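Please have the sequence and the structure open while reading.

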Amino acid sequence: MGKKTRPEAKLKLLPEAVQIEIVEHARKPGMTLAETCAWVAETHQVKVSPVTLSRFLAARRDAEMQERVLASITAGSRLVQDMERQFGKTPAPDTENLIKFLRVLILQLSAQGACDAEFLKAVGPLMGSVLEAERLSLKREEVALAERRVKLLEEKAARADAAEKVAVDGALSAEEKLARMREIFGIANSQ
Amino acid sequence: MKARIKHFVLLALERAEGQPMTESALVSAVLMVMPECLVTEVRQCLGELEADRYLVAVRDELTGLVNFGLTLKGSTKAKTLVPNAFNQ
């Protein structure tokens, strides 16, 4: 036994542009289903009942909503990917946690379809500010490390200078020189 | 109804382009599109999809939330799905 054709199939078989035209016409303020049916019959030579038209419009509405939600999910996903690409390369543990929470938040809002593209875009700069602070903090640590390195090198150079002076001092005996060298380099006397 | 929910869940995760989605995000998405669904129905479908190995569920140790992602089987299946198949 063949499958029964649904009445709204008559409308669904029309070209997409025509279907969109019908939907836009039906959505005009004050337009009734009966008036739209009359318009469809006159303009496109397709006779449908108000019930059939109503089912068709409901299906189109559902399809539009579905596409909107799916597009929102894709937009949210791409924002998360951008964020991870920019900020997630070697994040500190706190930053990694922040990224994780933001990922959940962005995708949750995207799935609800209630947050628009502008709102999603605002998350990027917000994240940017937080992570810029993180970068500055890391930079400060690097500078402190570099300063410590310089200080150590300066101390080494000073010890080398002192050792050289001892080595060329003719007034000191060999044992005295050895004792002074031990002092300079902080080597304990093994005797 | 279950078939519609599962169909949409697979499409949603496919469109998430590899990003896992929490259970609540998926439930929200389904309810946006099919407001007549019950939350329990959606959760049941997620469980069935996981049992049938279309989805993988991992609990995040930091947030405590369960994240769902597509398995290879799920991804292959999702690519064959037509959006709005149930509206055609």
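Which residue stands opposite Val66(B) in β3(B)? Arg59(B) does. The model is a predicted one.

## The sheet in chain B

In chain B, 3 strands make up an open sheet with antiparallel pairing, in the order β1-β3-β2. The edges are taken by β1 and β2 of chain B, each of which has a single partner strand, so one side of each lacks a neighbour in the sheet. Strands of a sheet pair through backbone hydrogen bonds, either parallel or antiparallel.

Strand β2 (residues 55-59) of chain B is joined to β3(B) by 5 bridges, and the two run antiparallel. Strand β3 (residues 66-70) of chain B also pairs with β1(B), again in the antiparallel sense, over 2 bridges. In that pairing of strands, Thr22(B) is placed opposite Asn67(B) in β3(B).

## Hairpin and helix

β2(B) and β3(B) form a hairpin with 6 residues between the strands. Within this hairpin, Gly64(B) has a positive phi near 75 degrees.

Helix α1 (residues 2-15) of chain B lies across β1, β2 and β3 of chain B. The helix runs at about 85 degrees to β3(B).

## Met21(B)

Met21(B) belongs to strand β1 (residues 21-22) of chain B. Is this residue, Met21(B), buried or exposed? Its relative accessibility is 0%, so Met21(B) counts as buried.

For Phe68(B), which is 47 residues from Met21(B) along the chain, the separation of the two C-alpha atoms is 5.3 Å.

## Asn67(B)

Asn67(B) sits in strand β3 of chain B. With a relative accessible area of 15%, Asn67(B) is buried, because the cut-off for buried is under 20%.

Which residues does Asn67(B) contact, neighbours within four places in sequence aside? The contacts of Asn67(B) are Pro20(B), Met21(B), Thr22(B), Val56(B), Ala57(B), Val58(B) and Asp60(B). Among them, Thr22(B) is the residue that stands opposite Asn67(B), and Met21(B) is found in β1 of chain B.

Notes. Residues are numbered from 1 along each chain as its sequence is written. Chains are lettered from A and ligands numbered from 1 in the order in which they are written. This is a predicted model: local features need pLDDT of at least 70, side-chain atom pairs count only at pLDDT 80 or more; totals for chains, interfaces and linings use all residues. Side-chain values use heavy atoms; hydrogens and water are left out. Helices (H or I, at least four residues) and strands (E, at least two) are DSSP runs, numbered from the N terminus. Buried means under 20% relative accessible area, exposed over 50%, partly exposed in between (1.4 Å probe, protein chains only). Two strands pair if DSSP finds at least two bridges between them. Contact means heavy atoms within 4.5 Å. Axes are lines fitted to C-alpha atoms, for helices over the stretch in contact, and angles run from 0 to 180 degrees between N-to-C directions.
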